Amino acid sequence: MRLFLASLLVVLFCGTSYSTQRQKQIFLVMDDAGLAKHEMHGFLDIPVPMTIAVLPHLKQTSEVCAMLKADPLKEIILHQPMEAYKKEADAGPGAIRNTTPPGEIAGILSRNLASVKGAVGINNHMGSRVTENPVLISEVLAYCKRNGLFFLDSKTAYNSQVPRVAHHHGMHMEERHVFMDIQKDRAYVRRMWNSAVAHAKEHGYVIVIGHVWSQETALAIRDSYETLLNQGYTFHKLSELYE
């Protein structure tokens, strides 16, 4: 009987989904940092943990990284530029393109990480075309695995190959659940923030992507974080999901 009960407990524990082991956890990822350091103040003033995705080789990339390293509640990841399907979209310096030879990926990532000092992980900036390319994404994830970096799929492509390739490499992979500010008006941002909070309540956690240039995003978080903390929600750096 004892053996049966012990076995039953093991089955129940192993059958528990990843999300149900978490309780209303919010993982904030703010993209596009590095363009202008003044954009950071709206987020640095919010006293909750969050992850800031910094673009490489921009005029104020190094200054933004220095600001973030001085704040123990914030962590840095490389916002890796990748080619999008929209031909007019410029991914910026340090981009991986669909025509990039696979053998050049490691060098590109190394140079970009040297620019974004202190990065503990990577997510894609744009990248719909590249994240659908399993050969190139395999090179990106293999580099991450070799160098102890995590990768977040910003989920800009419907047919992203990141989950399949990550499984092949035996890597833990997460993807964005909610984009807060695709539209820039206040009502839309508040609606998406409420959707993110509801997702955390239902699934145990949520990964939310916003942008540092959106003051509406900063205001939505600032206006609600104390209430959410009182309601049992918690805020975390993205790296905690990969520990």
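A residue is called buried here when its relative accessible area is under 20%, exposed when that area is over 50%, and partly exposed in between (1.4 Å probe, protein chains only); Phe 27, with a relative accessible area of 0%, is buried. The model is predicted, so local features need pLDDT of at least 70 and side-chain atom pairs count only at pLDDT 80 or more, whereas totals for chains, interfaces and linings use all residues. Residues are numbered from 1 along each chain as its sequence is written, and side-chain values use heavy atoms, with hydrogens and water left out.

**Aromatic pairs**

- Rings of Phe, Tyr and Trp (its six-membered ring) are paired if their centres lie within 6.5 Å, with planes under 30 degrees apart counted as stacked, over 60 as edge-to-face and the rest as tilted; by this rule there are 2 aromatic pairs.
- Phe 27 and Tyr 205 form an edge-to-face pair, because their ring centres are 6.2 Å apart and their planes stand at 90 degrees.
- Phe 27 belongs to strand E1 (residues 25-33) and Tyr 205 to strand E8 (residues 205-211), so the pair ties together parts that are 178 residues apart in sequence; helices (H or I, at least four residues) and strands (E, at least two) are DSSP runs, numbered from the N terminus.
- Tyr 205, at 9% relative accessibility, also counts as buried.
- The rings of Phe 150 and Tyr 242 are stacked, since their centres are 4.5 Å apart and their planes lie at 15 degrees.
- This pair links distant parts of the chain, with Phe 150 in strand E5 (residues 150-153) and Tyr 242 in the segment after strand E9 (234-236), 92 residues apart, and both Phe 150 and Tyr 242 are buried.

**Nonpolar cores**

- A nonpolar core is a set of buried Ala, Val, Leu, Ile, Met, Phe, Trp, Tyr and Cys residues joined through side-chain atoms within 4.5 Å; the largest has 59 residues, and those with the most contacts inside it are Ile 26, Leu 28, Ile 52, Val 54, Ile 96 and Trp 193.
- Helix H8 (residues 186-203) gives the most to this core, with 7 residues.

**Lysines and salt bridges**

- A salt bridge requires a side-chain nitrogen of Lys or Arg within 4 Å of a carboxyl oxygen of Asp or Glu, and the structure holds 6 salt bridges.
- Asp 71 and Lys 74, both buried, meet through their side chains in a salt bridge (3.4 Å, N to O).
- Lys 155, whose phi is near 60 degrees, a positive value in a residue other than glycine, meets Glu 175 in a salt bridge (3.3 Å, N to O).
- Lys 155 lies in the loop between E5 and H7 and Glu 175 in strand E6 (residues 174-175), so their pair ties together parts that are 20 residues apart in sequence.
- Lys 155 is partly exposed, with a relative accessible area of 37%, and Glu 175 is partly exposed, at 25%.
- Lys 24, in the loop between helix H1 (2-15) and E1, has its charged end over the ring of Tyr 233, 4.6 Å from the centre; the criterion is NZ of Lys or CZ of Arg within 6 Å of the ring centre and within 35 degrees of the ring normal.
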